[in-house]
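Good morning, everyone. Please look at the screen while I walk you through some side chains.

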Amino acid sequence: MTCPYHSEPAAPRGEAIVATEGAQLDFAGDMSYGDYLQLDAVLNAQKPLSPDHNEMLFIVQHQTSELWMKLMLHELRAAVGAIARDELPPAFKMLARVSKIMEQLVHAWDVLATMTPPEYSAIRPYLGHSSGFQSWQYRCIEFSLGNKNAAMLKPHAHRPDLLAIVETAWRAPGLYDEALRLLARRGLPVPASHLERDWTLPYSPSDAVEQAWLTVYRDPSAHWDLYQLGEELTDLEDAFRLWRFRHLTTVERVIGFKRGTGGTGGISYLRQMLDTVLFPEIWRLRTEL
């Protein structure tokens, strides 16, 4: 095609628009999009072990989930620190972002659910004993949210570097612990047993803690930022419960009641996890209001 007013070929419309916008096209000596995002490393990290077409889905699903969990941990750790410093507005932003990340992880199960039982059966022998149960980032998230369990350190014992990270999360006060410390600093009657304790132990609900939260919820205008904190925690646990439920239904749909590759009971283990409550008093107080 030639331009009616010139003898040289006319540039395709797309090229003309790019030229008009002044977009940089030569990256021989500058950082490109792929360079910034390290896309060579990211996009070459998918190494299927089986000849089956569907293994790529399985790998990408779990790798992207780990990337979202990396961001979740980044936000959670920052939120815990902000609450400890009484910096609630940035903490609210971080917690809201964590809840949105959880929504992304919930919807990710929709993609994996397109894998049928025969398709999964074709790749399962190649997984060995590897399992999401062994995700050190997920374990740090659980520990940061207060679901402490010393047995969950063992899957990481073969990697001292990762074990140190997980153990640090296990020994540290979690998100809810710092929230209760904040309530106490604001003069609410949180018992000493819940302000200084062995952080490696699972959280035990307290009637006194529930009463402290009830004080906040019965007069939101007097405790607005604490009230908002309670609702951010509620949003987060709500999203986390949905993630666990969607995990359960996807696993049941794809593998039925087979044992998990990591050795758990599969569906039976996931059903037990549905009963875990992270911030119990915030849920219980609703009955009293």
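Is R246 buried, partly exposed or exposed? R246 counts as partly exposed, because its relative accessibility is 22%. Buried means under 20% relative accessible area, exposed over 50%, and partly exposed in between (1.4 Å probe, protein chains only).

Some ground rules. This is a predicted model, where local features need pLDDT of at least 70 and side-chain atom pairs count only at pLDDT 80 or more, while totals for chains, interfaces and linings use all residues. Residues are numbered from 1 along each chain as its sequence is written, and side-chain values use heavy atoms, with hydrogens and water left out.

Now, salt bridges. A salt bridge is a side-chain nitrogen of Lys or Arg within 4 Å of a carboxyl oxygen of Asp or Glu. The whole structure has 17 salt bridges. One of them joins D110 to R246, with the closest N and O atoms 2.9 Å apart. D110 sits in helix 5 (residues 88-112) and R246 in helix 11 (residues 224-255), so this pair, 136 residues apart, links distant parts of the chain. Helices here are DSSP runs (H or I, at least four residues), numbered from the N terminus.

Next pair: R186 and D225. Their side chains meet at 2.9 Å, N to O. R186 is in the loop between helix 9 (175-185) and helix 10 (207-218), and D225 is in helix 11, so the bridge ties together parts 39 residues apart in sequence.

E210 is in helix 10 and R284 in helix 13 (residues 280-288), so parts 74 residues apart in sequence are tied together. E210 is buried, at 8% relative accessible area. R284 is partly exposed, at 32%.

What about a charge without a bridge? K148 lies in the loop between helix 7 (136-144) and helix 8 (160-171). K148 is buried yet has no salt bridge. The nearest side chain of opposite charge, D177, is 5.1 Å away. Lys and Arg count as positive, Asp and Glu as negative; His and the chain ends are not counted.

Which backbone oxygens lie by a polar atom of the K148 side chain? The one of W170 is 2.9 Å away. The one of A172 is 2.8 Å away.

Last stop, Y36. Y36 is in helix 2 (residues 33-36). Y36 counts as exposed, because its relative accessibility is 59%.

That's my tour. Thank you.

Definitions and conventions: Helix = DSSP H or I, 4+ residues; strand = E, 2+ residues; numbered from the N terminus. Polar contact = N/O pair within 3.5 Å; in protein donor to acceptor, adjacent residues only side chain to side chain.
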